[in-house]
Amino acid sequence: MGVTRNPTNITQGSKTKGGLGESTLRPDGTLKVTGEFAYSSDMWHEDMLWGFTLRSPHAHAKILSIDTGEALATSGVYAIMTHDDLPAFTKYGLEYKDTPVLADGVVRYHGEPIAIIAADHPETARRAAAKIKVEFELLPLVIDEETALADGAPILHPNRDDHHAGHVTHPNIVHRQPIIRGDANEAAQRADIVISGEYEVGMQDQAFLGPESGLAVPAEDGGVDLYIATQWLHSDLGQLGPVLGLPEDKIRMTLSGVGGAFGGREDLSMQAHACLLALRTGKPVKIVYNRFESFFGHVHRHPAKLWYEHGVTSEGKITHMKCRIVLDGGAYASASPAVVGNASSLAVGPYVIDDVEIEAVALYTNNPPCGAMRGFGAVQACFAYEAQMDKLAAALDMDAVEFRQLNAMSQGTIMPTGQPVDSPAPVAELLRRVKALPMPPEQQWLAGDSAGRSTDVRALPGGLSNTTHGEGVVRGVGYAVGIKNVGFSEGFDDYSTARVRLEVINGEPVAMVHTAMAEVGQGGVTVHAQIARTELGVAQVTIHPADTQVGSAGSTSASRQTYVTGGAVKNSCEAVREKVLELGRARFGSYHPAWATAELLLEGGKVVTDGGEVLADLVDVIEGETIDLELEWRHRPTQAFDLVTGQGHGHVQYSFCAHRAVVEVDTELGLVKVIELAAAQDVGKALNPLSVVGQIQGGTTQGLGLAVMEEIIVDKNAKVRNPSFTDYLIPTILDTPTIPVDVLELADEHAPYGLRGIGEAPTLSSTPAVVAAIRAATGLALKRVPVRPEHLTGT
Amino acid sequence: MRVTFNVNGRPQEADDVWEGESLLYVLRERMGLPGSKNACEQGECGSCTVRLDGVPVCACLVAAAQVQDRDVVTVEGLADYAKDRAAGRCGTGACGTPLGEAQKWAAKPADGQTGESTESGDLSPIQEAFIDAGAVQCGFCTPGLLVAADELLERNPSPSDQDIREALSGNLCRCTGYEKILDAVRLAAARGESVTAGEGV
Ligand code: FES
Ligand code: FES
């Protein structure tokens, strides 16, 4: 096949296929459907050992002694390490370095790692772990606000030196953020009706399917190569260096396939353990958590107690809001400080309320550590303020959607933090759209769903169990809308890095994009290729594996990667394009004046003017050269919130999603069937419409899970009761309804391509919409999620 | 213990297998076939679904010794399995579909660069539909879902939505919200029907 070399022979200004705005398919799709895609648990090395972790059976205890003798004597065991064997710094953490690599004489939660073992077979390692003898002395438990702040309460981290230590009112408070704006007490005087409520959100788990796992290979230079599933390679690297006692250039990390993350891979899990064992034994060490261990191996969503008060005039305008949000952070800080910042600054919801008094705190307790999960502090608040909205509307005898629309924020609204919203905020419009979607037919089990597809008795609550044929089944409809910040807030230097190379290979221009972005399933790799095709006008784009040989991309979380790393790829591509045009001017500038005078683009493998005139083949322009640039990119800066007033321009961008839930409830058995969960979301600009819809549907389903089934049960001894997929339930295909999605694209002029982060917002409003629908069906108040059958039957 | 069985039509042998080892462990760690995934190892998530003598099973719940001399099909063998089925052959001795009923798929795998269909490779119809419908995000659930969905379509070439939901209810997916997985199975079924209809079968 010959390559066209004559610029006059091509379609002028032809767009490159697979560019932005198209539903381009995943570059890793084929590998994933054939089973060839290498996830972190698939890593394998000749002669590798298996690592295993011995974890605490108690939530709070002093370790009196550890006897590893018998375990170490087991044939096939190569090494056992405890706190005393750590070579360097013994703690790590995302915000505060408070988490011991291995228990430091005290265990502070059920499942805390005490010792690690390397053996020739996973079963050998497990059996050896069972032979380690640990003597404990039980300590009194801190399990909630009352026990955390009581006189004489055990102080879980007595020697705190984090940057909030001097600000909190009690050492068991991780962080506290008040936000005061206007005068809520004075505004309350104008209220005709005041409604207050207390709400509770259970502990949700990310429950990504690919277990925590990876392979550490010791290197000849005394360093280590780590193949790992994570959300942020460079954050892991920065924490591993001090713990391993190695300079960062001796720790080389490569992202291996990630089976979902949702926040649960922001903290270290087995990274340090695998590297320590590899360095100790001189052999490659693989660690793969089983599902049981996974429930102890990562942080969860903060369970929360929320108290809210709203006032409203008889015309339906909200006068004021007061709230207090208490988040249980568990034994270690993890991302709790930032979760507090989000919960407080987004506590008001997407509404205009000038006079507010907000306080959010996170506590240290002996419960499982909590940190990042999709929605990050905004989920808990959304459940409470949306329940309040329904109560207020009901008290006014107004339609719940109209009431929300009447108070909806919009572009120009001042947030409680004093920050003006300077991009579209189509809250009322999203509610209008989701309400306008066609309703599923009544008695769907007889009539078929909204898309006209047939259903049957299996569509009823109880489903396959055939517990009803429709008698005792009532339907309800509920609405909710939420607001989520995009990116890292409060003054964080939230940058990303991208390296882009352009060269001619086999007569074709080929671009290579190299970033350290963790592809966790969200589709960033697809979008990066689309950006490069669009900006450079080339068909072929190679995505280099993510590793630490390129600068940091920041975390794949906070709906930020397409914004920030996408921005970095765009930025680097633009710089590469400038170089191409410079080369072109030098080589061909004398042949055509347009080289100097016109606005030039790269499209379809050509250099073209903005008028569509072709000037040269890209191949001819770059022949013999390789253009290779690595640039950083930052979004506009943010500020920390004032620790007393909460004022500050803390967020970069906001993201909005609205849901309508239709549920049917078997009131006798307390069984809920979500019939349909429709979503409307503003995405700014849909860079890949197929992926956008997929993200919204996935986020919606996690919110449904929190509404009706997902909860880690922690008993009064702070022990986890259901660490398995048998007992921790996530939605199956039978629990998940049709999810119609209406995508709105109102560009944000401050963001690359006008885009808006999308992954998290749908998780917020899905939960309160489902619960509102169950309330509508049953007339029950339902203050807590997940809603369980006993809450519906009163048993 | 030595275990000998057929995987994707080829005889395989594993030595020094512990009595407690699962089929999943032997496939992944001893035979270099990590396509079947280890998400729960408790029979709850379906990520490890393989066909054992044609029957979908959770490989994590099958003791390796139980598969002595039997036929296993994993996601790695799905394309060949579908091809053999379409041609009326049976690579494993376990195909249940007679020639006349076999679907005649026109498999077009995705391009590694763009993910779009090309003419050259060979994916099974259900694999191709998963890519085309956007049913793959992190993809950890995908191998198990593909094996289960392929078996469903073998039994029932035009399933209703409730049939699909019932057949795939043992396979958890945490990323997609399932809508696009339903789309993929509908798409594969529709393509199968249109191929058959086009040929006047
Ligand atoms: S890994 Fe076998 S069912 Fe989950
Ligand atoms: S679990 Fe990630 S795509 Fe299904």
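Modeller: What follows describes the interface between the chains, and then some features within chain A.

The model is predicted, and the values below are computed from it. At the interface, 77 residues of chain A are in contact with 60 residues of chain B. The size of an interface is often given as the accessible area lost when the parts come together. Here the area buried between chain A and chain B is about 5,400 Å², and carbon and sulfur atoms give 54% of that figure. On the side of chain A, three residues stand out: A:Val33, A:Leu209 and A:Ile733 supply 15% of the area that chain A buries against chain B, more than any other three residues.

In one salt bridge, the side chain of A:Arg458 meets that of B:Asp163, with 2.9 Å from N to O.

Several elements of chain A give two or more residues to the side that touches chain B: helix H1 (29–34), helix H3 (122–130), strand E14 (285–288), strand E21 (540–543) and helix H18 (689–708). H18(A) provides the largest share of that side, eight residues. By class, the residues on the side of chain A that touches chain B divide into 32 nonpolar, 30 polar and 15 charged.

Salt bridges can also be counted over the whole model. The count over all chains is 63 salt bridges. Among them, A:Arg252 and A:Asp225 meet through their side chains at 3.0 Å, N to O. A:Arg252 lies in strand E13 (residues 251–255) of chain A and A:Asp225 in strand E12 (residues 224–228) of chain A, so this pair ties together parts that are 27 residues apart in sequence. Another salt bridge joins the side chains of A:Asp617 and A:Lys606, at 2.5 Å from N to O. Because A:Asp617 lies in strand E24 (residues 614–617) of chain A and A:Lys606 in strand E23 (residues 606–609) of chain A, that pair ties together parts that are eleven residues apart in sequence.

Helix packing within chain A is the next topic. Two packed helices are described by the angle between their axes and the distance between the axes. The axes of helix H10 (residues 378–396) and helix H19 (residues 761–778), both of chain A, come within 8 Å and cross at roughly 35°. The crossing of H10(A) past H19(A) is right-handed. Residues of H10(A) in this contact include A:Phe383 and A:Asp390, while those of H19(A) include A:Leu764 and A:Arg775. The contact of H10(A) with H19(A) has nine nonpolar, three polar and three charged residues.

Two backbone details remain. Most residues other than glycine have a negative phi, and most peptide bonds are trans. A:Ala207 has a positive phi of about 45° although it is not a glycine, and A:Ala207 is found in the loop between strand E10 (193–201) and strand E11 (213–218) of chain A. The peptide bond from A:Val785 to A:Pro786 is cis, with omega near -5°. A:Pro786 lies in the loop between strand E29 (784–785) and helix H20 (789–793) of chain A.

Definitions and conventions: Residues are numbered from 1 along each chain as its sequence is written. Chains are lettered from A and ligands numbered from 1 in the order in which they are written. This is a predicted model: local features need pLDDT of at least 70, side-chain atom pairs count only at pLDDT 80 or more; totals for chains, interfaces and linings use all residues. Side-chain values use heavy atoms; hydrogens and water are left out. Contact means heavy atoms within 4.5 Å. Buried area is the accessible area (1.4 Å probe) that two parts lose on being put together, summed over both. A salt bridge is a side-chain nitrogen of Lys or Arg within 4 Å of a carboxyl oxygen of Asp or Glu. Helices (H or I, at least four residues) and strands (E, at least two) are DSSP runs, numbered from the N terminus. Ala, Val, Leu, Ile, Met, Phe, Trp, Tyr, Cys and Pro count as nonpolar, Asp, Glu, Lys and Arg as charged, and the others, Gly among them, as polar. Axes are lines fitted to C-alpha atoms, for helices over the stretch in contact, and angles run from 0 to 180 degrees between N-to-C directions. A crossing is left-handed if the near helix is turned anticlockwise from the far one by less than a right angle, and right-handed if clockwise.
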